[in-house]
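Work through the exercises below with the model open. Each task is followed by its solution.

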Amino acid sequence: MKYKVKLVQISDIHIGSLFRQDMFDLVVEETNEIDPDAIIISGDLTDDGLLFQFEQARKEIARFNCQNKIILAGNHDYRHTGYLIFKKLFPSRLVYEFDDAVILTLGTARPDRDEGEVGYRQNQWLEKNMNRYTQKKVKIVAMHHHLIGIPDTGTDKIIILDAGDTLRACLQSKVNLILCGHKHRPWLWKLGPLNIAYAGTASSSRFRGFFENAYNIITIKDGRLTIEIKIVGGDKMPLVNLVDNYKPFLDGS
Ligand SMILES: [Fe+2]
Ligand SMILES: [Fe+2]
C-alpha cells in the first residue's frame, strides 16, 4: 500500500474576547475524525499572550488526539512577556519527518512586535537542513506570519521584514509548501513548484475578507500534494478554488 500523509493546519485560535468556543469544539471533533499524522497550529493561540489564556489554550489543544502537534507562536502570543510563557508551555521540535515529507518550522514572532522576522541565521539553518532531506518528495516550511501579501487584508506593514531572503531560501531548497497564518484570510499563491498556503482563523471572529472559520487539510500521496480548505462545520474544497473564484467582498454589487 502506498503511504499517505495527512496534515491539518489550524491557525489563529485566539483565546480571548473574540474566541468562539462552539467553533473550536467543532474543529476538535472534525480533526479527531480526520485522524491526521500531524496538526500544525500556526500561531496566535492567544489574543494577548497572558498566562491564563495560554493555560486555556493548552487545555483546548490537549483535546486533539494526535501524537504530533507542531505548535508555533504568533505575534499575539509574544505580547506581555508571552514569549517566556509560550516556550515553557509549548515546547516543540524544529523538524518533523514523515515517510514522504519533512516539515521544518520557522519562528517569526518577536517580543512585543507585530511584524515578523526570520533572520539570517534561521534562513541559513533552513537551507542547510532542507539539503539533508533531498530524498523527501514533499518539503514543507511552517511559520506564523504571511510571507507574501494577500488580498483584502489592508496594509502589509506587518509582513515578515526579511521575506525576500526566506522566499529565496525556500525556492533554493526546493520547498514545495509554505504554511502561514496571521492574516486570518485563507489563500493560496503558487510560484512555480512552490505553494504558499494561508490558513484562516479556526476559532475567532476576527475575520478579514473571508467570513467563516476554517482550517486547511494537506494530503500527500505518492509524493503528490493536495491542499484543501475545510469550513468549520461546513464544506471542504480545494484551497485554490478561493483564488479561482475570487470576488472582492465589497464589490459594489
Ligand atoms: Fe491572528
Ligand atoms: Fe498574527
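Two strands pair if DSSP finds at least two bridges between them. Helices (H or I, at least four residues) and strands (E, at least two) are DSSP runs, numbered from the N terminus. The model is predicted: local features need pLDDT of at least 70, side-chain atom pairs count only at pLDDT 80 or more, and totals for chains, interfaces and linings use all residues. Residues are numbered from 1 along each chain as its sequence is written, with chains lettered from A and ligands numbered from 1 in the order in which they are written.

**Exercise 1.** Give the strand order of the open sheet.

Solution. 
- Six strands line up as β3-β2-β1-β10-β11-β12, with mixed pairing.
- From one strand to the next, the twist averages 25 degrees. Angles run from 0 to 180 degrees between N-to-C directions, and axes are lines fitted to C-alpha atoms, for helices over the stretch in contact.

**Exercise 2.** Describe how β1 is joined to β10.

Solution. 
- β1 (residues 4–10) and β10 (residues 214–221) run antiparallel, joined by six bridges.
- Leu-7 has Ile-218 of β10 as its bridge partner.
- Helix α1 (residues 21–34) packs on the sheet and touches β1, β2 (38–42), β10 and β11 (224–231). Its direction makes about 170 degrees with that of β1.

**Exercise 3.** Classify the packing of α4 and α5.

Solution. 
- α4 (residues 120–130) and α5 (residues 163–172) pack at about 5 degrees, axes 9 Å apart.
- That makes α4 roughly parallel to α5 (angles under 35 degrees; over 145 is roughly antiparallel, 65 to 115 roughly perpendicular, the rest oblique).
- Asn-123, Leu-126 and Glu-127 of α4 meet Asp-165, Thr-166, Ala-169 and Gln-172 of α5. Contact requires C-beta atoms, placed from the backbone, within 7 Å.

Methods. Contact = placed C-beta atoms within 7 Å.
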